[in-house]
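Please look through the sequence and the 3D view below before reading on. The report begins with the whole chain and then turns to a few of its parts.

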Amino acid sequence: MKTVLVTGATSGFGRACAELFVAGGWHAVITGRRKERLDELVDHLGKDKVHGLCFDVRDRHQVEAAIDGLPERFEEIDVLVNNAGLALGLEMAHEASLEDWETMVDTNIKGLLYMTRKVLPGMVERRRGHIVNVGSVAGDYAYPGGNTYGASKAFVSQFTNNLIADLQGTPVRVTNIEPGLAETEFSKVRFHWDATKADKVYKGTEPLNAADIAEAIMWSVERPAHVNVNRIEIMPVCQSFGPMVIVRD
C-alpha cells in the first residue's frame, strides 16, 4: 500500500487530494492546523487508511517531531504533496502589511522547505518517491498586488527545478503544479475572511475547482516510473495573459 502525505489538507486542493488518493487505494497522512477539520476528515476517509497530524508547517521543530512520530505503517512516504500555502492581502507593495508578507514567506517558502528536507532523504534512500509542489501562475505572471505572494510562488517554481537537478541519478521525481483562478477558500483567506471581497473575485467566471487540481496531481503521480512531469500550468478558459501595461500622460 502506497502512502501520500498532503499538507494543508483541511480544505481546498489539499482536501480534494486526500479524498482522491484514498479513493484510489492509497494510505494518506494529512496535515493541517485546524484540528477539528482534520479530525472530521480522518473520520470521513477512515482511520484505517488515514493518519492526521495537527501542526504548523512554519515551525521546523513541529514538522520534524510530527514526521518522526509517524506510526510504522505510515512512515514510508511515497508522495509528498506540498500544498500548504496562502495569499494575504492585495495591496500595492508600499501599502502592504509586512506581517502578511512574513506569513506568506514562512508558509509558502520555509514550510515547503522544512517538509521537503524532512521527507526527501527517506525517498532517496528507498529509491522511490515523488514530491509535488503546489505553485501558482502568480509565480510566472506578475499582477498588481501580487508582490510577495507571486515572489513566493516563483521560489516554488525555481526550487522545483533545482530539486530535479539535484536528484539526477535517483528515481525520485518532482513536479510543480501551477493553478490559475480557482475557487476554494483562497480568496477568503487572502481578504481575511471578508466574504464580500472574496466573492467578487469569481463573479461572472467559471473558475477551476479543487477537484481539477487534485486530478492533475494524481495524473502526474500515476505516470510511468521513467516519466517526470516537470510542470503543469492550469487556467480556466475564462483566464488568460494580460497585456503589457503602458502608462500615458
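## The chain as a whole

What percentage of the 249 residues in the protein chain do buried residues make up? In this model, which is predicted rather than determined by experiment, buried residues make up 47% of the 249 residues. The protein chain contains 8 helices and 7 strands. Its radius of gyration is 18 Å, close to the 18 Å that the globule rule gives for 249 residues, so the chain is as compact as a globular protein of that length. Along the principal axes, the C-alpha trace spans about 65 × 40 × 35 Å.

When contacts with a separation of 6 or more are considered, residues 24 or more positions apart account for 70% of them.

## Surface and charge

The protein chain exposes about 12,900 Å², and carbon and sulfur atoms supply 51% of that area. Among its side chains, 27 are positive and 34 are negative, and the centres of these two sets lie 2 Å apart.

Strand β6, which covers residues 173-179, is joined to strand β5, residues 130-134, by 5 bridges, and the two strands run parallel. Within this pairing, Val 132 stands opposite Thr 175 of β6. Strand β6 is also joined to β7 by 4 bridges, and these two strands run parallel as well; here the bridge partner of Glu 178 is Glu 233 in β7.

In a regular strand, the side chains alternate between the two faces of the sheet. Strand β6 is accordingly described as mostly covered, with 7 of its 7 residues buried.

## A residue in helix α4

Asp 106 is found in helix α4, which covers residues 98-126.

If its neighbours within four places in sequence are left aside, Asp 106 is in contact with Arg 58 and Gly 111. The C-alpha atoms of Asp 106 and Asp 59 are separated by 8.6 Å, and these two residues are 47 residues apart along the chain.

Definitions and conventions
Residues numbered from 1 in each chain as written. Predicted model: local features only at pLDDT ≥ 70, side-chain atom pairs only at ≥ 80, totals over all residues. Heavy atoms only, no water. Rg over C-alpha atoms; globule rule 2.2 N^0.38 Å. Buried < 20%, exposed > 50% of the residue type's maximum accessible area, 1.4 Å probe, protein only. Contact = heavy atoms within 4.5 Å. Areas by Shrake-Rupley, 256 points an atom, 1.4 Å probe, with all protein chains shown as cover. Lys, Arg positive; Asp, Glu negative; His and termini not counted. Charge placed at Lys NZ, Arg CZ, Asp CG, Glu CD. Pairing = 2+ DSSP bridges.
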